[in-house]
Amino acid sequence: MPLGPIEIVVFSLPGDGLAGEVLSEVQSLVAAGTVTIVDAVLARRDADGALTLAELADEPSWDDLAGSIDHVEGLVAAEDVDLLTADLPAGRAGLVLAFENTWVRPLLAAVRGAGGAVLGEVAVADVVVQEIADTVPDEEENR
């Protein structure tokens, strides 16, 4: 089956980045079939600013998730992770997740089966969405 859209998101986490609630939520999304993780890297910036990278397979507390990653080789290179974590502050970790929006596969198949095609994709960052929601009046209030 063809892959759905793949997004790469970087999350900044305190300390070593091994937050159990984050792992639990990612596992829930994978188990529900909402997303398929295709690559994941944990980046850590030490107090001196040096960045170290680790595959999730090398992190014992992330073993369960690491075993369910469907790798798409070459999708996220070390240079990409360096760029994506450039603003990561010292003493924090960056969780880089590349994931397929698995939920959209049946819709893509239906569109293509009907002779259609995807014309484009746009992702709007959560901070932009929240900024708009905070500054644009609610439609109900404008009536």
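Helices (H or I, at least four residues) and strands (E, at least two) are DSSP runs, numbered from the N terminus. By that rule, A78 lies in helix 3 (residues 78-84). A78 counts as partly exposed because its relative accessibility is 42%, where buried means under 20%, exposed over 50% and partly exposed in between (1.4 Å probe, protein chains only). Its C-alpha sits 23 Å from that of G4, 74 residues apart along the chain.

This is a predicted model: local features need pLDDT of at least 70, side-chain atom pairs count only at pLDDT 80 or more, and totals for chains, interfaces and linings use all residues. Residues are numbered from 1 along each chain as its sequence is written, and side-chain values use heavy atoms, without hydrogens and water.

The predictor's confidence in each residue, pLDDT, runs from 0 to 100. The chain mean is 83, and 91% of residues reach 70 or more. Helix 2 has the lowest confidence, at a mean of 71, and helix 4 (residues 105-113) the highest, at 91.

Now the interior. A nonpolar core is a set of buried Ala, Val, Leu, Ile, Met, Phe, Trp, Tyr and Cys residues joined through side-chain atoms within 4.5 Å. The largest one has 16 residues; among those with the most contacts inside it are I37, W62 and L97. Helix 1 (20-31), strand 2 (36-45), helix 2 (63-66) and strand 4 (92-100) each supply at least two of its residues. Strand 4 gives the most, with 4 residues. A second, separate core of 7 residues includes V38, V41, V81 and V96.
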